[in-house]
Amino acid sequence: MSTVLPPGVSRAAFNKACEEFRAIVGREWVFTDETALAPYRDPYYPGDPMEHTPSGTVAPINVEQVQGVLKVANRHGIPVWAVSGGKNFAYGGAAPAMSGSLVLDLNRMKKIEVNEEMAYAIVEPGVTYFDLFNHLQERKSRLWVDPPQPGWGSVIGNTLDRGLGYTAYADHSSSYCGLEVVLADGSLMRTGMGAQEDNPTWALYRYGFGPGVDGLFQQSNLGVVTRMGVWLMPAPETFAVVQGWVPNEADVIPLIDTVRELRIADVMPPSTITNFLRGMTSATTKAQWHKGEGAIPAETVERMKVEFKRGSWGVRFGLYGNEDVVAAKLKVINAELSKIQGYTSKATRYKRGDKVAGGDLLWAGTPVLSFGSLSWIEGVGAHVDQSPILPMSGQFVHDFLREKTELLRQHGFDHFVSIFNTSPRIAVNTASLVFDKSNPEQQRRVLTTGHELIRHAAKYHLGMYRGHLVDMDLAAGQFNFGNHAMQRFYERLKDTLDPKGILSPGKQGVWPKSLRTARKGGAR
Ligand SMILES: Cc1cc2nc3c(=O)[nH]c(=O)nc-3n(C[C@H](O)[C@H](O)[C@H](O)COP(=O)(O)OP(=O)(O)OC[C@H]3O[C@@H](n4cnc5c(N)ncnc54)[C@H](O)[C@@H]3O)c2cc1C
């Protein structure tokens, strides 16, 4: 039996609701015992994961069951936290923002429809990147997926949290089209052109007639998404995976500016820019270079650069098309980046159907299970991300990151920089706090440092791209224009669409009226 109950719900009332859930989804798909709930706690939680623990989970298999579950939850006032893959590691896993919420686990909903001609799929929440990839392979489809680093997450969960990939379709928020949503009262709707019965452009044109609402369901607690259209890239005739390096720390300034210009001119697709240390996490371990506590000293990093013959910054991207297109783009990009003194690069070329090297798979639309930086440290590797959105402006990025390195150093953390230039004018700066989960002192430092990183970004008037459960209120609190006018708008929507406040209370810092006092830190 679970140790935690939804706030204000008695054990008897909870048990009664669970009986009603069982009648809808089948007895074996409602879990309330502690052992079964363990996977629904955050394995990377920097502290006691019981701070975000569910009262139970319910796993429907179709949209009618989702509707039924929400109707019962609404009647009994039971908060529900929806997950699709439940693998949102670094941001909270499958755990709810508010303890006692019931996890609505949508993993069993796995239907996939593919439209080869129009190059899209319609997926249900349980479809992972591996599932979609395998489905396409089995039917010898010409279409690729665009996976995030670990491919075990779901297409819907990743997209709703505004996740990112690596190919030309890296900005997942620009490549989904058409949602089916169950609202808190159990009613069902489709967005965009899907609002019209059987409209063949549902997954082709996202705006519909009247105000567009798709964005209201990303990073949101206004509805549960049960189907989504996702555009898929046709496998190109040829492609090249390019890795470039620039030698000096300050070269990040022209690197960022050049990439931005190439992106705005539509010559270059999305790219990732990483600092030297981030690149090292897959090549060596910290212990080989530095014994003892604290961040790796700057002199040691310089010594490593010499040893590994690597520059201070790397840029990595794929180029896709026929041979002429790829060659022409590569020529222009090389000419522009070579204006940075000491720029070196390597392009690995592939034809459709070639075997792709392991390190290039993500750029070839192939999901992998890779955990990047976690093996850098000793102990049980985990990480939490505080990821601001920066303007793609060299000097700005340089100054911001230099100060951030210093801040992290003071708190004993190495600074791994990744910049996802998924749309031409912005830099999504994911910078993981990597820590040993078995070390309580490190966990404590992750919590305090994470909050400092959010405040540091706010000093530059920057906000986060995504948020871990422990940071959501603080991150939301930074959006302060008009005395937090946007937050109040979200709250008005919440109170109208979900008056009992049952859908994912606290997600992205949006709490229902009855629970607004629960908001932590950053309260306005
Ligand atoms: C080493 C490492 C590397 C990573 N690299 C990347 C990367 O390259 N790119 C990237 O984007 N992420 C990355 N991540 C973060 C994360 O693992 C992925 O984004 C993952 O795909 C998210 O898990 P999921 O798809 O199972 O989402 P879920 O856990 O299902 O959900 C994500 C969020 O959306 C909400 N949600 C889910 N389904 C629904 C629904 N049907 N209706 C309403 N709300 C819903 C959930 O409440 C949750 O807040 C990385 C994590 C690690 C540990």
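This is a predicted model: local features need pLDDT of at least 70, side-chain atom pairs count only at pLDDT 80 or more; totals for chains, interfaces and linings use all residues.
Figure 1. The charged end of K87 is placed over the ring of W152, and the distance to the ring centre is 5.2 Å.

**Figure 2. Surroundings of the ligand.** The ligand is surrounded by 34 residues. The closest of them are S84, S154, Y166, R466 and K507. By class, the shell consists of 17 nonpolar, 13 polar and 4 charged residues. Three elements supply at least two shell residues each: strand β3 (80-83), helix α5 (155-160) and strand β10 (224-231). Helix α5 gives the largest share, with 4 residues.

Figure 3. A polar backbone atom of A82 is 2.8 Å from an oxygen atom of the ligand. For L164, a backbone N or O atom also lies 2.8 Å from a ligand oxygen atom. At N88, the distance between a polar backbone atom and an oxygen atom of the ligand is 3.3 Å. On its own, the ligand has 970 Å² of accessible area, and the protein covers 95% of this.

**Figure 4. The W29 and F31 ring pair.** The structure contains 14 aromatic pairs. One of them joins W29 and F31 in an edge-to-face arrangement, with 6.5 Å from centre to centre and 90 degrees between the planes.

Figure 5. The rings of F239 and Y320 are stacked, 6.1 Å apart from centre to centre, with 25 degrees between their planes. The pair counts as stacked because the angle is under 30 degrees. F239 belongs to strand β12 (residues 238-246) and Y320 to strand β14 (residues 313-321), so the contact ties together parts that are 81 residues apart in sequence. Both F239 and Y320 are buried. Ring pairs also link these two residues with W144 and Y350 into a cluster.

Key:
Residues are numbered from 1 along each chain as its sequence is written. Side-chain values use heavy atoms; hydrogens and water are left out. A residue is near a molecule or strand if one of its heavy atoms lies within 4 Å of it. A polar contact is a pair of N or O atoms within 3.5 Å; within protein, one must be able to donate a hydrogen and the other to accept it, and residues adjacent in sequence count only if both atoms are side-chain atoms. Accessible areas come from the Shrake-Rupley method with a 1.4 Å probe; for residues, only the protein chains shown count as cover. Ala, Val, Leu, Ile, Met, Phe, Trp, Tyr, Cys and Pro count as nonpolar, Asp, Glu, Lys and Arg as charged, and the others, Gly among them, as polar. Rings of Phe, Tyr and Trp (its six-membered ring) pair if their centres lie within 6.5 Å; planes under 30 degrees apart count as stacked, over 60 as edge-to-face and the rest as tilted. Buried means under 20% relative accessible area, exposed over 50%, partly exposed in between (1.4 Å probe, protein chains only). A charge sits over a ring if NZ of Lys or CZ of Arg is within 6 Å of the ring centre and within 35 degrees of the ring normal.
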